[in-house]
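Let's take a walk through this one together.

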Amino acid sequence: MPSTDLNPDWSVEWATPKPSGNGYSDNIVLNREQAVEYGDELVMSLRVDGPMLRERGLDPEEPFAWKIEDGELLTKEIPRQTFEEVAEGDRDDFFYARRVLEHRAKRRIRRSQQ
């Protein structure tokens, strides 16, 4: 699924493993329009963790796409290749995707040197 096929209404996300190795923890950051659609313009982020992702049928170790629609958080699985294509593209969320990939690469290098 090339990123060009990922509708711009969907944003990419990849949950971050906790430093303790005990699960995943992250925040989905909402812009003002998304917060208003979610039902509260003061809600600027939604908590993401392993159990929440599993409840939605998502693998916490894999990237996913999300959007707010009719006041609900919708999620769907995406392949790593799509996440990488977003990082290399010109979508609004390219910078986030690029940062995540860089962070994961640095973490792998640090682990291999230990």
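Setting aside neighbours within four places in sequence, Pro63 is in contact (heavy atoms within 4.5 Å) with Glu13, Trp14, Glu77, Ile78, Pro79, Arg80 and Phe83. Pro63 sits in the loop between α2 (50-55) and β5, where helices (H or I, at least four residues) and strands (E, at least two) are DSSP runs, numbered from the N terminus. With a relative accessibility of 1%, Pro63 counts as buried; buried means under 20% relative accessible area, exposed over 50%, and partly exposed in between (1.4 Å probe, protein chains only). Pro63 and Phe83 are 20 residues apart along the chain, and their C-alpha atoms are separated by 6.8 Å.

A word on what you're looking at: this is a predicted model, in which local features need pLDDT of at least 70 and side-chain atom pairs count only at pLDDT 80 or more, while totals for chains, interfaces and linings use all residues. Residues are numbered from 1 along each chain as its sequence is written, and side-chain values use heavy atoms, with hydrogens and water left out.

**The chain as a whole**

Now for the overall layout. The chain has 4 helices and 6 strands, and reading along the sequence gives the pattern β-β-β-α-β-α-β-β-α-α. Its radius of gyration is 14 Å, close to the 13 Å that the globule rule gives for 114 residues, so the chain is as compact as a globular protein of that length. (That radius is taken over C-alpha atoms, and the rule is 2.2 Å times the number of residues to the power 0.38.) Along the principal axes, the C-alpha atoms fill a box of roughly 45 × 30 × 25 Å.

Buried residues account for 37% of the 114 residues in the chain. Take the contacts between residues at least 6 apart in sequence: 48% of them join residues at least 24 apart. The chain exposes about 7400 Å², and carbon and sulfur atoms supply 46% of that; the areas come from the Shrake-Rupley method with a 1.4 Å probe, and for residues only the protein chains shown count as cover.

As for charge, there are 17 positive and 24 negative side chains, with the centres of the two sets 9 Å apart. Lys and Arg count as positive and Asp and Glu as negative, while His and the chain ends are not counted; each charge is placed at NZ of Lys, CZ of Arg, CG of Asp or CD of Glu.

**Strands and their partners**

Strands of a sheet pair through backbone hydrogen bonds, either parallel or antiparallel. Here, two strands pair if DSSP finds at least two bridges between them.

| Strands | Bridges | Sense | Residues facing each other |
|---|---|---|---|
| β1 (residues 11-13) and β5 | 3 bridges | antiparallel | Glu13 and Phe64 |
| β5 and β6 (residues 72-77) | 6 bridges | antiparallel | Lys67 and Leu74 |
| β2 and β3 (residues 24-29) | 2 bridges | antiparallel | Thr16 and Ser25 |

How covered is β5? Of the 6 residues in β5 (residues 64-69), 5 are buried. The hairpin of β5 and β6 has 2 residues between the strands, and there Asp70 takes a positive phi near 50°. Asp70 does this although it is not a glycine. At 68% relative accessibility, Asp70 counts as exposed.

Elsewhere, 3 strands make an open antiparallel sheet in the order β2-β3-β4. Its edge strands are β2 (16-17) and β4 (45-49), each of which pairs on one side only.

**Two helix residues**

Which residues does Gln34 touch, not counting those up to four places away in sequence? They are Ser11, Val29, Trp66 and Ile68. Gln34 belongs to helix α1 (residues 32-38) and is buried, with a relative accessible area of 15%.

Ala87 lies in helix α3 (residues 80-88). Ala87 is buried too, at a relative accessible area of 5%. Neighbours within four places in sequence aside, Ala87 is in contact with Phe94, Ala97, Arg98 and Leu101. Ala87 and Arg54 are 33 residues apart along the chain, and 25 Å separates their C-alpha atoms.
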